[in-house]
Amino acid sequence: MSAILEAAGLTKTFGAVTAAANISVSIEEDTVVGLIGGNGAGKTTFLNLVTGYLKPTSGSVRFLGRDITGMAPRRITRLGICRSFQIPQVFDSLTAFENLLVGLGIVFMGRSAFVGSHLGDATPEAAAEEMLARFRLGDYRDEPVSVLPEGVRKLLDIAMAMAVKPRILLLDEPTSGVSADEKFALMDLVLGAIRADKVTVLFVEHDMDIVRRYTQRILAFYDGKVIADGDPASVLANAEVRRLVVGEGGPGEAPC
Amino acid sequence: MSTFRRTTLGLAIALVALAAAAPLLPRWAMFLVIISLAKGLAALGLLLLMRTGLVSFGQGLYFATGAYAAGVAANSLHVGDAALMVLGGGAAAAGVAALLGLLLARYRAIFFAMLSLAFSMILYGLLVKTPALGSTDGFNVSPRTLLGLSLASGPGRYGIYGVAISSAFGCAVVLDRYLRSYLGRLAPAIRDNELRVEYMGASVRNVVHLNLVVAGALAGFGGAITALAVGHVDPEMAYWTTSGEFVFVAILSGTASVAAPFAGALVLEMLRSFAYEHAPNSWQLVMGAAMLAVILFLPDGLWSVFRRRRRAAT
């Protein structure tokens with residue numbers, strides 16, 4: 001397996017605060033990787049650096065061997081890196097169908113610009129219907145998304161990221177705001193829909209049961225640094241991870 | 001798709017009705033229709049900008065550019081054809097919008113509104129201080145022909161009216177088509193969430209820039225038609241009250257349909273004519289009350305009356 005995404009010495013400082021400190025990570029193609037860490041560990045900063053929303057203070061990001069450091073999000077999207085958001089970023093005045101059509105329309109108009117992403121012979125409308133079916137959003141097709149429940153909005157947010165046909169999908173807390181007994185069903189649906197296209201997935205998650213069950217590898221962040229990287233069993237057994245991230249340390253130790 | 005066809009059909013019926021009414025209309029009514037359609041064109045550009053989430057208080061800039069370009073074409077470049085003057089006016093306004101858009105497309109909300117206002121007032125200042133363009137008085141514009149036909153006699157008397165109704169029809173149909181295209185659909189998406197549009201691979205700034213140019217061209221057509229109908233241009237066309245009137249029309253009409261700005265402009269012009277006649281000293285009061293009533297009872301504009309009825313019927 002070859003690396004699809006490589007971060008080397010990625011550092012981001014905001015004044016005196018270091019949000020990412022010398023992060024070097026390589027993600028293999030066609031894998032599912034979990035990213036864990038407490039609040040302020042730098043998980044979302046890492047996603048923002050990789051997708052171009054933030055420019056790193058130093059270090060580089062390579063995608064399929066190509067240097068994408070400091071590129072604008074839209075260029076990185078066209079290369080095949082897409083993301084979903086912790087708080088769903090949808091178009092509130094449009095219906096679920098129209099939301100998907102925005103992204104698919106952009107892909108359709110910029111066929112030549114989207115590397116490795118194409119609609120084939122399908123029209124954007126047909127592709128949008130297919131995405132609605134795949135994410136089981138058919139019932140909400142013509143509803144304005146401002147009135148939809150949060151769980152459905154999260155699902156739509158992920159479907160929109162998938163509509164742009166990425167090679168790697170970065171999910172920022174896909175199960176946050178979703179009730180505990182719905183989390184597994186949601187992850188089954190999401191990963192089933194994504195992995196059908198063999199898309200590489202990196203997802204930020206707080207629920208250790210979810211991470212253990214769905215990933216082949218876990219990255220643990222603390223204070224802007226990678227403190228553990230490996231298969232789920234060994235990372236979750238790591239003493240430092242248990243103390244700083246999972247929060248199962250000795251008495252009196254505050255979980256961060 | 002069916003809504004698109006229905007809109008086009010509705011506009012075509014309106015075009016035929018207005019054309020057929022031409023011989024029956026008194027001169028003042030014909031003039032009122034031409035001016036309404038010209039202002040409607042500027043408001044149509046605002047409809048596009050409002051759908052993109054922007055309100056421009058400076059569309060008078062493009063309106064005046066279109067009018068002055070048409071006038072200069074006729075007086076200095078000896079282009080006497082009304083159709084060419086209108087096209088030239090629109091092209092000049094689009095050019096100015098393309099240039100200013102380099103800066104304007106970076107701003108949003110109140111900053112965009114104030115910057116667009118500032119640019120229009122700069123043009124006003126320049127026009128007032130330019131003796132070659134008649135300073136505060138402006139200058140007279142006299143189109144001579146339309147597609148080779150003299151405008152002075154025979155069917156040519158309806159020439160400018162014909163230019164106005166066909167320009168309004170053409171622009172409305174094309175804009176309706178644009179709004180339903182994949183590119184046009186980005187406008188409401190940008191209004192709702194720019195970040196997401198960027199994260200879906202499109203350049204928000206380029207789309208905003210394009211929409212500024214389209215809105216500028218529409219205002220330019222409107223300005224040129226006004227210059228033809230009035231036979232005169234003056235710096236007031238770039239003044240902020242002119243821009244404010246376009247915003248007034250756009251809010252009165254609502255953004256639901258491309259036909260709305262024309263209907264709204266016609267209502268406004270008629271209302272003003274009657275208010276002028278029956279309450280010459282307090283006509284602004286009547287206009288203000290009308291605006292207040294629309295905002296209170298029809299917050300989505302006059303056109304929402306049709307929508308509600310349609311929804312109630314289904």
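Two strands count as paired here if DSSP finds at least two bridges between them. Helices (H or I, at least four residues) and strands (E, at least two) are themselves DSSP runs, numbered from the N terminus. With that in hand, take one pair to start: A:R62 has A:D67 in β5(A) as its bridge partner.

This is a predicted model, so a few ground rules apply: local features need pLDDT of at least 70, side-chain atom pairs count only at pLDDT 80 or more, and totals for chains, interfaces and linings use all residues. Residues are numbered from 1 along each chain as its sequence is written, while chains are lettered from A and ligands numbered from 1 in the order in which they are written.

**Confidence in chain A**

- pLDDT is the predictor's confidence in each residue, from 0 to 100, and chain A averages 84.
- In chain A, 92% of the residues score at least 70.
- The stretch to treat separately is residues 249–256 of chain A, where the pLDDT is below 50. Beyond near neighbours in sequence, this stretch has seven contacts in the model, a contact being two residues whose C-beta atoms, placed from the backbone, lie within 7 Å.

**The four-stranded sheet of chain A**

- Four strands of chain A make an open sheet, ordered β2-β1-β4-β5, with antiparallel pairing. Its edge strands are β2 (17–28) and β5, each of which pairs on one side only.
- Strand β1 (residues 3–14) of chain A is joined to β2(A) by eight bridges, and the two run antiparallel. Within β2(A), A:T18 is the residue opposite A:T13.
- The hairpin of β1(A) and β2(A) has two residues between the strands, and A:G15 in this hairpin takes a positive phi near 60 degrees.
- Between β1(A) and β4 (residues 58–63) of chain A there are five bridges, again antiparallel. Here A:L5 stands opposite A:F63, and A:T11 stands opposite A:S58.
- Two bridges link β4(A) to β5 (residues 66–67) of chain A, also antiparallel. Their hairpin has two residues between the strands, and A:L64 takes a positive phi near 50 degrees there.

**Helix α9 of chain A**

- Which residues of α9 (residues 239–246) of chain A are buried? A:V241, A:L244 and A:V245 are, where buried means that 20 or more other C-beta atoms lie within 10 Å of a residue's own, exposed means 12 or fewer, and partly exposed is in between, with C-beta atoms placed from the backbone.
- The buried residues of α9(A) pack against β3 (32–36), β9 (217–222), β10 (225–230) and α8 (232–237) of chain A.
- Just after α9(A), A:G247 has a positive phi of about 80 degrees.

**Loop residues in chain A**

- Most residues other than glycine have a negative phi, which makes the next two worth a look.- A:D30 sits in the loop between β2 and β3 of chain A. Its phi is positive, about 60 degrees, although A:D30 is not a glycine. With 15 other C-beta atoms within 10 Å, A:D30 is partly exposed.
- A:D223 lies in the loop between β9 and β10 of chain A. Phi of A:D223 is near 55 degrees, a positive value in a residue other than glycine. A:D223 is partly exposed, with 16 other C-beta atoms within 10 Å.
- Leaving aside neighbours within four places in sequence, A:D142 is in contact with A:T95 and A:F97. The C-alpha atoms of A:D142 and A:I27, which are 115 residues apart along the chain, are separated by 38 Å.

**Chain B and its contact with chain A**

- The contact takes 16 residues from chain B and 24 residues from chain A.
- On the side of chain B that touches chain A, α7 (186–192) and α8 (194–199) of chain B each supply at least two residues.
- By class, that side of chain B has nine nonpolar, three polar and four charged residues. Ala, Val, Leu, Ile, Met, Phe, Trp, Tyr, Cys and Pro count as nonpolar, Asp, Glu, Lys and Arg as charged, and the others, Gly among them, as polar.
- Helix α12 (residues 283–297) of chain B has 15 residues, which should span 21 Å at 1.5 Å a residue. The expected span is 1.5 Å times one less than the number of residues, and the end C-alpha atoms of α12(B) are 21 Å apart, which agrees.
- Of the 15 residues of α12(B), the number buried is one, so α12(B) lies largely in the open.
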